[in-house]
Amino acid sequence: MSWKSRIQVLDLNIGDRIESTCKCCGYTWYEFASDYLGRPYLRQLYLDEFETRLKCHQWNCKGKIRIVLSSEAETEGFQGGLA
């Protein structure tokens, strides 16, 4: 049981970005949650069910994808070390 089986598409905010990566060809693209919140047949799905329904957008691939919720929070590199 992973975190994807606990969150529904309906729980996402309109501005949340979804990073999708194809497991076959490695193509990566970003979409907003608002693209899917307007579709009533996708809104009630949990993220793991949602992930299995999506296919790759690359021409002639149609492979399975992996989704990740991306964050635009500020990140920093490791600052620790030897003095």
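**Cysteines, sheet and core of a predicted model**

The sulfur of C25 lies 3.6 Å from the closest cysteine sulfur, that of C22, which is too far for a bond, since a disulfide is a pair of cysteine sulfur atoms within 2.5 Å. For C61, which is in no disulfide, the nearest cysteine sulfur is again that of C22, 3.6 Å away, and a search of the whole structure finds zero disulfides. C25 counts as partly exposed at 42% relative accessibility, and C61 is partly exposed with a relative accessible area of 24%; here buried means under 20% relative accessible area, exposed over 50%, and partly exposed in between, with a 1.4 Å probe and protein chains only.

This is a predicted model, in which local features need pLDDT of at least 70 and side-chain atom pairs count only at pLDDT 80 or more, while totals for chains, interfaces and linings use all residues. Residues are numbered from 1 along each chain as its sequence is written, and side-chain values use heavy atoms, with hydrogens and water left out.

The secondary structure of the protein chain comes to three helices and three strands, which follow one another from the N terminus as β-β-α-α-α-β; helices (H or I, at least four residues) and strands (E, at least two) are DSSP runs, numbered from the N terminus. The three strands form an open sheet in the order β2-β1-β3, with antiparallel pairing, where two strands pair if DSSP finds at least two bridges between them. Because β2 (28-32) and β3 stand at the edges with a single partner strand each, one side of each is left without a neighbour in the sheet. β1 and β3 are joined in the antiparallel sense over six bridges, and T21 stands opposite R66 in β3.

The largest nonpolar core has 16 residues, of which I18, Y36, F50 and I67 touch the most other members; such a core is a set of buried Ala, Val, Leu, Ile, Met, Phe, Trp, Tyr and Cys residues joined through side-chain atoms within 4.5 Å. At least two residues of this core come from each of β1 (17-22), α1 (34-37), α3 (47-53) and β3 (65-70). Not counting residues up to four places away in sequence, F50 touches V9, I18, Y36, L42, L45 and I67, a contact meaning heavy atoms within 4.5 Å.

Across the protein chain, 28% of the 83 residues count as buried. Among contacts with a separation of 6 or more, 58% are accounted for by residues 24 or more positions apart.
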